[in-house]
Each structure stands twice: as C-alpha cells, then as structure tokens.
Amino acid sequence: IFLIFSYLNTKRVNSDYFWLSIPDARTYKTLGLEFLKCFQLTLQCNSEPYLLFPPFQPLLSGLLAKYLYEYAFLVNILFIAIVILLVNKITENYFGVFSGIGLSYILIHSLIYELSPMMISEITFTLLIFLSFYFLLKNTDKFLIINITYMISLITRPIGIVLLPMYLYFIKNKLKFMIYLFLFIFVICSYNFFYNDNFLFSDTEVNAREDAILENQGYFDYFTKIIFSSYDEKVEILTYFSENLKRLYGESSKACVFTEICNVYNPINNFDGTQSAFFINSNSGNYISKFLTVIYQLQAPQNFGILILPTTLILSLILFRNKKLIIFPIAIVSLIFPSILTTEFGSRWNFTILFLTGAIIEFIFCSYLNKKR
C-alpha cells in the first residue's frame, strides 16, 4: 500500500521539489557535493567549515544528488518501506501473529507520504534506528551490526545519543560496544580537527544557544541555569516546555504546515478558518465527512487523537511480557525529552515517533490476539 500510493503520489512531481522544498535538504545537498569535491563539510570549498550537521546525511545526499538525482526520492521511499517491513518482522517474531492495526495507524498519516520522498535526515535516521532495534531484539550477540547501525544513526542525527542508555541495558557485551562507539566518535572528532580545526562531533549545541528560553553556552550550561533559576523563571520554563510538547505531540501537530504544498484534506476547517463543507450536499457525503474527521483527528491529534500516544505508552508498560519490547516506549520518551528543550524542538521528530508509536500499537493488539488464542 505504501509503495504503490507513494509512487503514484510522486511520479509526476519534479525531482527538484524533493531537494529544494525544505531548507535542510538544500543544505545537505550542497554540503554533500562539496564534500565529494574537497573532502570537507563546507558550503563551498576553501570556505569556513559548516559543522551544524554531522557528516552522514550530507554524504548520502551528495552521492544521491551526483548519481541518482532524478530518482533519489525513490530511495527514501524504499527506506521507509523497509521500516514498515521491519515492524512486521519484529511483530511476527515475538507474537507469531500480525494484526495490521499498528501499520494501519501509520499509513493513515499524511506525514509519511509528505516527508518520505524529501531528502532529509529523519528518513535515514528512522531506518537506522529500526534496523538496530531489529537486530537488538533478534539477537543481542550481534553487537557489531547493532554498533554499526547505531553509530551511523549518530552521524545522521546526533540526538540519537539519548538512546545510548537503552542500548547499554540490552547489549550483553557492553564494554566492547562502548569501545567501538568511543573509537568511532574519536575518528569523527579527529576528522573535524584535521580538516575543520575543531575537535568535535558536530555543533549540536547550536539549538540550545540560539533557540532556548535562557541564554546559554551549550546544553550543560543550559541545564545548570535551569536548575539554579528563580521560582518565577522555573514557572516560565515549565510553560515554555509545555508549549513545545503540545507542538511536538498535541493538537494539530501533524497537520500540514506548508500551506502552499499541502495535499491533505482538512474535513473540519478551511485555511481561512471557516467550516469545511465539501461533502455537505448528501447523506453519503455526510458519512464520508465524519469518517474523514476521525482520520484527521488521529493524524493531526485532536480530541481523542491526543490520547493515542500516552495511552500506548501506558499500555505497553502493562502488557508487554517480553521486556525487550520496552525499548520502543523508552525510545519515544527519550526522543521527546530533548526535543522540548528548545524552540527548534524538531516537529519532524514526529516522523520517527510516529513509526515507534505504530509499532507499539501493533504489539498491543497482537498481545491481545495471543491471549484470545
């Protein structure tokens, strides 16, 4: 369903759209092409290094732009199709049954059809995280494969470091895992030192410095100032975090925000705020409108849709007998927490969280089906 619909939805779209519509995608392409020319992460060879992004997505985008520019969006679509397959395989491995309800929840979201073809890091990161989870759940002795997929995820989106405690809990050979990870980080930092005069992994703290509620020099300084802030400041900070959380997963958080390219029908309101009346002329149209309203309230969480994520998290803690599956709710909470610390909280983290949520829903229903057998 995903492959067919995605192909039909994108086959007539100019490939430039997937490379140029989102600012990050444009930057990844430029960085990647320049990297292939001069082996430096820079917007133009011989200019200042641009270390806001880690190297893997720029390198991948550069290779795709150079050799598969017209068809690169199909690579991304294939990545997400693999993620859907992995959810299926994990479910069958652990429950022996497959309900399809969790994947149906994923497939009703316009977000995956809108973002999957885009040349952005969330697509690659989601694939790498699910690959590492698949091997982690299948056999924790395969630490080398888990190491590689997790390490590449870090040079795709460094925020994945928040998942490290979870990996360490489930990996049997923790020392070897950490040695490999340390050597990997050291190599990346050394590259940045020799080519960019900065011994760092990537400048991930720029969000904290530029988009936080308090002025700071980085995340450590940010946490310190939060801890030692006054009572009134703490109230203001909590309000700020709450607003970020609502935007991350709250009312209409998954609604189309790019109004010029939105391809989702809103059955509740038009763009000007007036009531939508597209299906108002018949009884059958009225039923269609009610059905589409339910779907919309799920994909752009409103009313009962807002309860989906917290409900799945709570039920997973109650119902999952195999504790390894707890990595999915842990991953969701881990990824949400740093995302609410800054204004640049990463609404597109919804993309990865959406697949994690769908997987949990699938596990919950399959757990129920097992009890019925």
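The expected span of a helix is 1.5 Å times one less than its number of residues.

First, the ground rules. This is a predicted model, numbered from 1 along each chain as its sequence is written, where local features need pLDDT of at least 70, side-chain atom pairs count only at pLDDT 80 or more, and totals for chains, interfaces and linings use all residues. Side-chain values use heavy atoms, with hydrogens and water left out.

Now α14. Helices here are DSSP runs (H or I, at least four residues), numbered from the N terminus. Helix α14 covers residues 231-248, 18 residues in total. From first C-alpha to last, α14 reaches 26 Å, close to the 26 Å expected at 1.5 Å a residue.

Which residues of α14 are buried? Ile237, Tyr240, Phe241, Asn244 and Leu248. Buried means under 20% relative accessible area, exposed over 50%, with partly exposed in between (1.4 Å probe, protein chains only). Down the axis of α14, the buried residues fall within an arc of 100°, so they line one face of the helix. That arc is taken from the directions from the helix axis to the C-beta atoms. On the other side of α14, Tyr231, Asp232 and Leu238 are exposed.

Next, the core. A nonpolar core is a set of buried Ala, Val, Leu, Ile, Met, Phe, Trp, Tyr and Cys residues joined through side-chain atoms within 4.5 Å. The largest one has 93 residues. Phe130, Phe133, Tyr167, Tyr222, Phe328 and Phe355 have the most contacts inside it. Helix α5, residues 72-95, gives the most to this core: 12 residues. Apart from it lies another core, of 7 residues, Tyr28 and Tyr191 among them.

Take Phe328. Leaving out residues up to four places away in sequence, Phe328 touches Ile90, Phe130, Phe133, Leu137, Leu356, Ala359, Ile360 and Phe363. Contact means heavy atoms within 4.5 Å. Phe328 also belongs to an aromatic cluster, with members including Phe95, Tyr150 and Phe351.

On to Ser367, in helix α18, residues 349-372. Buried or exposed? Buried, at 8% relative accessibility. Ser367 touches Phe95 and Leu319, again not counting residues up to four places away in sequence.

Last, aromatic pairs. Rings of Phe, Tyr and Trp (its six-membered ring) pair if their centres lie within 6.5 Å; planes under 30 degrees apart count as stacked, over 60 as edge-to-face, the rest as tilted. The whole structure holds 25 such pairs. Tyr169 and Phe170 form an edge-to-face one, 5.0 Å centre to centre, 90° between the planes. Tyr169 is exposed at 63%, whereas Phe170 is buried at 14%.

How values were computed: Helices (H or I, at least four residues) and strands (E, at least two) are DSSP runs, numbered from the N terminus.
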